[in-house]
Amino acid sequence: MTAVAPAGIRFHHGSLIVPAGAVHTTPLGYDRDSVPIGAPLPLAASAELVHRLSGCGEVAVAFEGKLGDTLLALSGVRAVLDWLRLRSVRVAVRAVGPYAELIARTGLIRQPQATTPSGWRAMIGDRPGIDAHGSEAAVSLVLDPAAPPCWSTDGHAHPDLPARHYLALERRLGIRLPATVPFAPTLATGPNNLVEELRSVGWLGGLTIAAVTATSWPERKDYTAQRYIELAEHIAEAQQDQARLLLIGGNPGDGLRITAEAPRRHVQALRIDGMPTDGLADLFPHCHLIVGNDTGLTHLAAMARGRGGGSPPVIGLYARHSHSKWRTGLPHHHAVATNLSDRMHQGDLCPVRDAIAPDTDVHMDAFPPTALTQVGLELLNGVRR
């Protein structure tokens, strides 16, 4: 479902199917639905890659770069491990680097780790991770977000990065892998002391909204805490309820900081800065709605799976970059996007990579809180599913 929102912005539902002819795509080269799982593709596999991976005794997963790029690339790790299982290649798998504990939450690394793995070592990760850990690897797979195109098959496009990474590796490995839409793995969550403390003092009771204020590009992607507070006020007033607003910041380098904002008529806001990503993964499923800048913590919120298996709706705000590429592809991960973001989506373009100057300097000003209120209310009330 795609609906026109006020103020010249557009809402894109997470489960929207994009027709192949509507966007710039690269044909996958086969109808995926017609190929049985484990069957050879009607394309030549990368013989050297298949040879090296078939002889590996250990796979190391190493990411050292941006959180968002890492999370959206984990489907590539999933593709390689799916291939190894289909081929019955027994390997030890481990994750290294700052995201090792987060990667373990995906359940991808299920094999017991051998103490003395035999055979070659394979590395999967981003360029910084492989540079840091891959000096002795026989084969390294760099999962670069700029590399995989928007694939199309079976009459529809696969624009999100998890689908791009997974399908790119399926083509190279030469057999139909088992995963289907959505390709992004999810993150298991569990009990957390800080989350329980927030619950005990009433911060997770009633209507709870989380707003991700962290951003890697403040001058272009920062919606600001004040706008999120105004949005929460509009939603709470319409719901005739009091809202708890959690303002989730990044890591300023000086540890965890929690500070309360001055209370408003309908909203009590709490700033949380520097909370570890594992803790945030445990926190997000306790919220009723999550809104965030186009950034890694918003992707984290979408991938965090509650203990009951459900996840709250997540809205990402996209002013300049493609709203379809920079999402998880999960059905509850929605987008509100400008016309420029829509054009980046349609042409599979990037304003940075392709050096496209914006035709406006509005950026996040394009999303007035009043324009986002109706979208938030409809998601909260189950109108948009």
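Residues are numbered from 1 along each chain as its sequence is written, and side-chain values use heavy atoms, with hydrogens and water left out. Because the model is predicted, local features need pLDDT of at least 70 and side-chain atom pairs count only at pLDDT 80 or more, while totals for chains, interfaces and linings use all residues.

Helices (H or I, at least four residues) and strands (E, at least two) are DSSP runs, numbered from the N terminus. Two strands pair if DSSP finds at least two bridges between them.

Begin by selecting the open sheet of 4 strands, whose order is β5-β4-β6-β7 with parallel pairing. At its edges are β5 (92–96) and β7 (139–142), each of which pairs on one side only. From one strand to the next, the twist averages 15 degrees; axes are lines fitted to C-alpha atoms, for helices over the stretch in contact, and angles run from 0 to 180 degrees between N-to-C directions.

Next, select β4 (residues 56–62), which pairs with β5 in the parallel sense over 5 bridges. The bridge partner of A62 in β5 is V96.

Contact here means heavy atoms within 4.5 Å.

Now select the open sheet of 3 strands, ordered β3-β8-β9 with mixed pairing. Its edge strands are β3 (26–27) and β9. Strand β8 (residues 151–153) runs parallel to β3, and 2 bridges join them. T26 has W151 in β8 as its bridge partner. Lying across β3, β8 and β9 is helix α5 (residues 161–173), which runs at about 70 degrees to β8.

Two backbone details may be visited from here. Most residues other than glycine have a negative phi, and most peptide bonds are trans. D154, in the loop between β8 and β9, has a positive phi of about 55 degrees although it is not a glycine. P182 is in the loop between α5 and β10 (187–188), and the peptide bond from V181 to P182 is cis, with omega near -5 degrees.

**Pockets and a cavity**

On a 1 Å grid over the protein atoms alone, a cavity is a set of points where a 1.4 Å probe fits but cannot get out, and a pocket is an open set with protein on both sides within 12 Å along at least five of seven lines; lining residues have an atom within 4 Å of a point. Grid points are joined across faces, edges and corners, and a volume is the space filled by probe spheres set on the points.

Select K66, G68, D69, S216 and T295: of the 30 residues lining the largest pocket, these are the closest to its centre. This pocket holds about 690 Å³ of space. The elements that give two or more residues to its lining are α2 (67–86), α9 (277–283) and α10 (296–303).

Which residues lie closest to the centre of the second largest pocket? They are G14, L16, I17, V18 and P159, out of 30 lining residues. Its volume is about 510 Å³. Both β9 (156–158) and α11 (339–347) supply at least two residues of its lining.

The count of cavities of 30 Å³ or more is 1, and about 40 Å³ of space lies in the largest cavity. To see its lining, select R220, K221, D294, Y318, A319, R320, H321 and M364.

**A salt bridge to finish**

A salt bridge is a side-chain nitrogen of Lys or Arg within 4 Å of a carboxyl oxygen of Asp or Glu, and by this rule the model has 13. Select D342 and R10, which form one, with their closest N and O atoms 3.8 Å apart. D342 lies in helix α11 and R10 in strand β2 (residues 10–12), so the pair ties together parts that are 332 residues apart in sequence.
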